[in-house]
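These entries record what I looked up in a protein model, topic by topic.

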Amino acid sequence: MRSEYEKKLTTVEAALKHIRRGGRIFIGSGCAEPGALTRGLIQHAHLFADNPLIHILTQGEAAYVRPEYAENFRHNAFFIGANVREAVQDGRADYTPIFLSEIPALFASGPMPLDAALIQVTPPDAQGFCSLGVSVDVVKAAAQSARLVIAQVNRFMPRTFGDSFVHFSEIDCFIEAEESIREVRFKAPNAEAEAISGKIGANVARLVRDGATLQMGIGAIPNAVLAHLCEKNDLGVHTEMFSDGLMDLVARGVVNGKR
């Protein structure tokens with residue numbers, strides 16, 4: 001297996017040269033964005049012309065939305081993060097509103113076929129399986145649907161379990177690049193914002209009964225609601241995203257999914 005893996009091992013530039021001009025490129029999500037590959041897009045921008053770039057949300061710089069790369073890339077976001085918000089507002093990038101659960105079908109059934117998927121993975125294990133690590137979401141669907149899969153192998157990527165594995169035989173090119181996994185740190189709210197979110201949280205919490213199933217977003221308000229649910233019992237969760245406050249309720253046994 002090692003020899004087969006090494007045959008696919010290459011440089012960033014050589015890997016990106018396999019992507020045709022005008023082909024749609026998917027970029028891996030969140031804190032698992034393959035930084036070496038996205039930086040490579042900029043470093044070798046001359047290889048690309050009118051290439052659509054798509055992703056849900058990334059935590060990198062997103063330099064590809066800068067005006068000077070308008071002829072190389074056209075970004076289309078499924079979620080408008082801070083790194084692309086200005087470009088979307090200025091009309092230099094697009095936004096496609098869609099439910100997270102509907103995105104894999106876009107790749108598989110044809111409305112948004114992928115020419116290439118840029119992902120980040122762990123080194124393959126003894127059986128040849130690489131874990132997608134901290135961001136699986138639609139990345140696995142992209143890897144399964146794309147004509148070309150290019151993976152950044154990073155030994156610092158934690159190996160997560162569940163339906164998070166891609167076999168090395170399903171990946172066309174590997175580049176090895178070690179870098180720390182990105183972290184998201186939220187700023188503490190000021191006193192006024194904290195007071196307002198606290199009142200909202202207390203009011204919403206009064207409407208939540210024992211045994212309820214929660215769906216929530218991310219940010220100050222969901223966290224404020226969660227902080228006021230400590231006295232509830234047997235809560236469940238069915239949600240796309242959740243804030244760190246949910247982890248405290250799981251640790252307390254408040255969220256246990258019993259019902």
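Predicted model: local features only at pLDDT ≥ 70, side-chain atom pairs only at ≥ 80, totals over all residues.

**Entry 1: an aromatic pair**

I looked up phenylalanine 48 and found that it counts as buried, because its relative accessibility is 2%. For burial I use relative accessible area: under 20% is buried, over 50% is exposed and anything in between is partly exposed, with a 1.4 Å probe and protein chains only. I number residues from 1 along each chain as its sequence is written, and my side-chain values use heavy atoms, with hydrogens and water left out.

My search of the whole structure for aromatic pairs returned four. One of them joins phenylalanine 48 to phenylalanine 73, with 5.4 Å between the centres and 40 degrees between the planes, a tilted arrangement. My criterion takes rings of Phe, Tyr and Trp (its six-membered ring) with centres within 6.5 Å; planes under 30 degrees apart are stacked, over 60 edge-to-face, and the rest tilted.

Which parts of the chain does this pair link? I place phenylalanine 48 in the loop between α3 (35–43) and β2 (51–55), and phenylalanine 73 in strand β3 (residues 73–77), 25 residues apart. Phenylalanine 73 also counts as buried, because its relative accessibility is 3%.

**Entry 2: the nonpolar cores**

I next searched for nonpolar cores, that is, sets of buried Ala, Val, Leu, Ile, Met, Phe, Trp, Tyr and Cys residues joined through side-chain atoms within 4.5 Å. The largest holds 32 residues, and Leu16, Ile19, Leu41, Phe73 and Ile150 have the most contacts inside it. I note that α2 (12–16), β1 (25–27), α3, β3, α4 (85–89), β5 (116–121), β7 (148–153) and β9 (173–176) each give two or more residues to this core. Helix α3 contributes the largest share, four residues.

A separate second core has 28 residues, including Ile54, Ile56, Val139 and Phe174.

I then listed the neighbours of isoleucine 19, taking contact as heavy atoms within 4.5 Å. Leaving out residues up to four places away in sequence, isoleucine 19 touches Ile25, Phe48, Asn51, Asp115, Ala116, Leu118, Arg147, Leu148 and Ile150.

**Entry 3: helix α7**

I checked the length of α7 (residues 191–205). The expected span is 1.5 Å times one less than the number of residues. For the 15 residues of α7 that gives 21 Å, and the end C-alpha atoms are 21 Å apart, so the two agree.

Which residues of α7 are buried? I found Ser197, Gly201 and Ala205. They lie on the same side of α7, because they cover an arc of only 70 degrees around the axis, taken from the directions from the helix axis to the C-beta atoms. These buried residues pack against α8 (220–227). On the face turned away from the buried side I found the exposed residues Glu192 and Lys199.

**Entry 4: cysteines**

I searched the whole structure for disulfides and found zero, the criterion being a pair of cysteine sulfur atoms within 2.5 Å. For cysteine 31 the nearest cysteine sulfur is that of cysteine 130, 20 Å away. Cysteine 31 is buried, at a relative accessible area of 18%, whereas cysteine 230 is partly exposed, at 26%.

**Entry 5: positive phi**

I record that most residues other than glycine have a negative phi. Aspartate 50 has a positive phi of about 55 degrees; I place it in the loop between α3 and β2. Alanine 62 has a phi near 55 degrees and is found in the loop between β2 and β3. Are these residues buried or exposed? Aspartate 50 is exposed, at 57% relative accessibility, and alanine 62 is buried, at 5%.

**Entry 6: the whole chain**

I counted nine helices and 11 strands in the protein chain, as DSSP runs numbered from the N terminus (helices H or I, at least four residues; strands E, at least two). Buried residues make up 45% of the 259 residues. The C-alpha trace spans about 55 × 45 × 35 Å along its principal axes. Of the contacts with a separation of 6 or more, 65% join residues 24 or more positions apart.
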